[in-house]
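Look at the chain shown below and follow the text from one loop to the cores and then to a sheet.

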Amino acid sequence: MKKLILSIFSALLILFVSGCQNITPQPQKVVIDPSMPAVKGIKTLTDMTEIAFEWEPVYNDAIKGYYLYRSDPTKKDGKLHKVATINDRYVSHYVDTKLIPGTTYFYKMSTFSGEYRESEPSQVVEVKTMPLLQSVPYIKAISGLPHRIKIIWRPDPNPRVSSYIIERNDLTNLKWENIATIDGRLNAEYIDKDLPDNRTYRYRVRVKTYDGIVSTPSQVVQGSTKPLPPVVTHLRATRDLPKRIEISWDRSPNKDVVYYKVYRAVSPYLFYTYLAKTADTKYDDLIGKDGVARYYKVTAVDNQGLESPKQENPVMGTTLPIPRSPVLKDVRLGQNGVEIVWSPGDNRAVKYTVIKKIGSGFDQKSVKYINIHSHKYIDNDVIPGQEYRYSVVAIDKYGIESDPSEEISIEIPKVKS
């Protein structure tokens with residue numbers, strides 16, 4: 001029984017000792033001692049994010065250093081909180097940093113000894129940090145450049161400025177994007193490149209000092225990239241010229257267009273390949289074949305290399321097809337020879353050629369009678385007992401020949417003895 005009681009007592013003792021070890025000691029409260037010398041003669045010097053303090057040092061051997069108290073501008077309780085402990089009574093200068101520009105602060109100081117004793121606080125000093133650094137006084141956006149906008153500004157006169165921060169907004173939202181940092185106070189331009197055509201952006205500039213202070217934004221300026229030349233209009237292509245197609249179009253209303261590019265395809269649904277460029281508003285495509293169709297699109301190019309969009313629908317042109325073949329109506333033997341009679345296939349024919357064939361195979365011979373301006377021809381060069389085959393070809397004013405008409409054959413009777 002004694003052993004059980006001893007064991008229980010030992011366990012309770014261990015728990016009591018452990019609990020005592022986990023108790024956090026309370027800090028000793030600082031006592032205000034009116035007999036200790038107070039801080040006097042506080043002077044301040046302000047910057048945007050810093051305030052410098054000077055005071056009359058207290059060389060009393062009982063003084064270990066100084067406390068600095070400051071108000072919190074984010075709170076409205078009016079309390080001043082300790083923000084610095086200066087552990088040297090011989091110090092008489094201190095800089096409070098990381099402050100908010102253009103903000104009023106309240107400070108007080110006191111001396112302290114090593115026995116948690118503190119003097120009466122000094123008089124409260126009201127100090128306001130300097131306002132935030134202003135940005136450049138002049139900024140301009142230059143529009144009308146291809147794929148880019150140029151921003152220029154007047155170099156900031158403040159020698160503390162080390163760089164410029166360029167910010168951009170694309171008009172679709174309120175968010176500003178930091179797009180570049182330009183080092184060097186005397187640099188005064190930035191070119192925003194690789195932008196879409198005919199797009200508008202807003203820009204502003206902030207300056208940054210060597211110690212990392214960033215200014216308020218500058219005036220907002222707006223710039224636009226150069227639009228593409230407009231689509232070329234009234235595109236036309238001929239269908240009545242021999243072995244060539246002439247494409248024409250209206251001149252671009254943009255005065256800076258310097259030439260046009262012609263594209264061609266053999267089908268409206270295939271890829272259009274580059275054919276030629278010209279400063280004129282027409283182009284001759286020398287096809288060299290009859291009755292050939294081609295499809296065309298034309299673009300305008302300005303003096304900065306911007307090219308207009310192609311037309312949505314192409315224009316089709318064709319070379320002049322061959323005339324239609326004459327219709328051979330009759331081949332008969334008359335008093336003066338073989339009479340060949342035909343009617344024109346179309347009204348393009350200005351003359352005809354009569355083709356006479358004799359024999360067949362390797363022995364076949366062919367004779368042409370040219371420059372016939374009527375719809376009839378008499379062939380008196382025939383031999384009795386011989387068979388002849390005739391066809392007619394129409395020729396237009398360009399010298400384009402039709403396919404031969406259908407052949408008609410005739411056999412010359414032998415002379416009876």
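Leaving aside residues up to four places away in sequence, Pro131 touches Met48, Pro101 and Gly102. The model is a predicted one. Pro131 lies in the loop between β9 (125–128) and β10 (139–145). Pro131 and Pro101 are 30 residues apart in sequence, yet their C-alpha atoms are 5.0 Å apart in space. Is Pro131 buried or exposed? Its relative accessible area is 57%, and exposed means over 50%, so Pro131 counts as exposed.

Other residues are packed away from the surface. In soluble globular proteins, nonpolar side chains tend to be buried together. Here the largest nonpolar core has 21 residues, and those touching the most other members are Ile149, Ile151, Trp153, Tyr164, Ile166, Tyr203 and Val205. At least two residues of this core come from each of β10, β11 (148–153), β12 (161–169), β13 (177–183) and β15 (200–209). The strand that gives the most is β15, with 4 residues. Val205 has contacts beyond its sequence neighbours up to four places away, among them Ile139, Trp153, Tyr164, Ile166 and Pro217. A second, separate core holds 17 residues, including Trp55, Ala84, Ile86 and Tyr107.

Further along the chain there is a sheet. Strands of a sheet pair through backbone hydrogen bonds, either parallel or antiparallel. In this open sheet, 4 strands run in the order β27-β26-β29-β30 with antiparallel pairing. Because β27 (365–372) and β30 (408–411) stand at the edges with a single partner strand each, one side of each has no neighbour in the sheet. From one strand to the next, the twist averages 25 degrees. Strands β26 (residues 351–358) and β29 (residues 387–395) pair over 8 bridges, and Lys351 has Ile395 of β29 as its bridge partner.

Methods
Residues are numbered from 1 along each chain as its sequence is written. This is a predicted model: local features need pLDDT of at least 70, side-chain atom pairs count only at pLDDT 80 or more; totals for chains, interfaces and linings use all residues. Side-chain values use heavy atoms; hydrogens and water are left out. Two strands pair if DSSP finds at least two bridges between them. Axes are lines fitted to C-alpha atoms, for helices over the stretch in contact, and angles run from 0 to 180 degrees between N-to-C directions. Buried means under 20% relative accessible area, exposed over 50%, partly exposed in between (1.4 Å probe, protein chains only). Contact means heavy atoms within 4.5 Å. A nonpolar core is a set of buried Ala, Val, Leu, Ile, Met, Phe, Trp, Tyr and Cys residues joined through side-chain atoms within 4.5 Å.
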